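I opened this notebook to keep track of what I looked up, entry by entry, for someone who has not seen the structure before.

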Amino acid sequence: MERIPILKLGEFLLVTIQVDMHDRLAMTLQNDVTDMIVKTGARGVMIDISMLDVVDSFIGRMLGSMASMARILDAETVVVGMQPAVAITLVELGLSLTGVRTALNVDKGMDLLKASIARKEFDSGTVSW
Amino acid sequence: MRQSVRAKAIDIGLTLVDQTKLVTAASELARNILDHGGGEGFVHIETLTKGERTGLQVVFEDKGPGIADLELAMKDGYTSGGGLGLGLGGAKRLVNEFQVATRPGEGTRVVIIRWK
C-alpha cells in the first residue's frame, strides 16, 4: 500500500508530502502520524509541503485535522514550505488554514517548534529557573 | 486530470499563479464529481480563442443526483458531503468564467474558463 514516510528527528517528526493526496492516503497518514506521536512521544510535527504545487480544500482540511489531532496528543504542528502561488490560491479559495501554524522553510519551522515547546514547558512549570 | 490541465495552461502561457488557480479549481470540481457525482464523470479540457485572447476551458460532467438548490450550494460554508463547503463557491473565485447547469436526478455540468 502507498504510504507517506515519517522521519523522526530528535523529538520531532518530519513528514514530507510529495505525492498527490487522495482520501485513503490522507487517512493512512493521519493514522501513521498519530501512532508515531504516541509511540515516540514526539513533541512536534513538521509537515513539508514544498513539493505540492496544488493545495485544494481537501488537502487544506487534512492539514487542519492533522494539526488538531497532534495538539490533542500534546504535539505542536507546523506546515512548512508553501509555494507562493499556492498561498495566493488558498486565500482566494477561502481557506485561511486557521489553527495551522506555518513557517517558510524547515529551518524556521524547527525554530518555531522549539520555541513553542519551550514556552509550553515554561507555562506548565516543568522548567524551573 | 490535474497534470493535463497544468500542461495545457503552461502551453497557452498562463502565469504560474493563474495556472495554480485553474488547477486548484479543477481539483475542487473533480473531487465534487467523486464525492457527489456518483464517482462517474467526464472532464474535457479545451483551449479557447476570443479575438486576441487565449484561455483554457475545463468542463466537468457527471450523471449524479444533481444539485437541488444551486444558490445554496454556491454559498461559502455550504456542504452536503462533510467537506468544508468551499467547492463550488471557492472554485468560482479562482477562475474568470464559471457556469453550472444541473438537473435533479440527471446530473451536473460545470464549465470554468481562465483567460490569459
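How many residues does the contact take from chain B and from chain A? Before answering I noted that this is a predicted model, in which local features need pLDDT of at least 70 and side-chain atom pairs count only at pLDDT 80 or more, while totals for chains, interfaces and linings use all residues. Residues are numbered from 1 along each chain as its sequence is written, and chains are lettered from A and ligands numbered from 1 in the order in which they are written.

**Entry on the two chains.** I found that the contact takes 18 residues from chain B and 14 residues from chain A, where two residues are in contact if their C-beta atoms, placed from the backbone, lie within 7 Å. On the chain B side that touches chain A, helix H2 (16-36) and helix H4 (87-93) each supply at least two residues, and H2(B) gives the largest share, nine residues. Helices here are DSSP runs of H or I with at least four residues, strands are runs of E with at least two, and both are numbered from the N terminus. I sorted that side of chain B into six nonpolar, six polar and six charged residues; Ala, Val, Leu, Ile, Met, Phe, Trp, Tyr, Cys and Pro count as nonpolar, Asp, Glu, Lys and Arg as charged, and the others, Gly among them, as polar.

**Entry on the helices of chain A.** I then looked at helix H1 (residues 23-40) and helix H2 (residues 57-72) of chain A, which pack at an angle of about 20 degrees with their axes 10 Å apart. Axes are lines fitted to C-alpha atoms, for helices over the stretch in contact, and angles run from 0 to 180 degrees between N-to-C directions. That makes H1(A) roughly parallel to H2(A), a term for angles under 35 degrees. Among the residues that meet are A:Val33 and A:Ile37 in H1(A), and A:Met62 and A:Met66 in H2(A). By class, this contact has seven nonpolar, three polar and no charged residues.

**Entry on the sheet of chain B.** I traced four strands in an open sheet, in the order S1-S2-S4-S3, with antiparallel pairing; two strands pair if DSSP finds at least two bridges between them. Strand S1 (41-50) and strand S3 (97-103) of chain B stand at the edges, each with a single partner strand, so one side of each is left without a neighbour in the sheet. The twist averages 15 degrees from one strand to the next. I also noted that H2(B) lies across S1, S2 and strand S4 (107-115) of chain B, running at about 10 degrees to S2(B).

Conventions:
Parallel < 35°, antiparallel > 145°, perpendicular 65-115°, else oblique.
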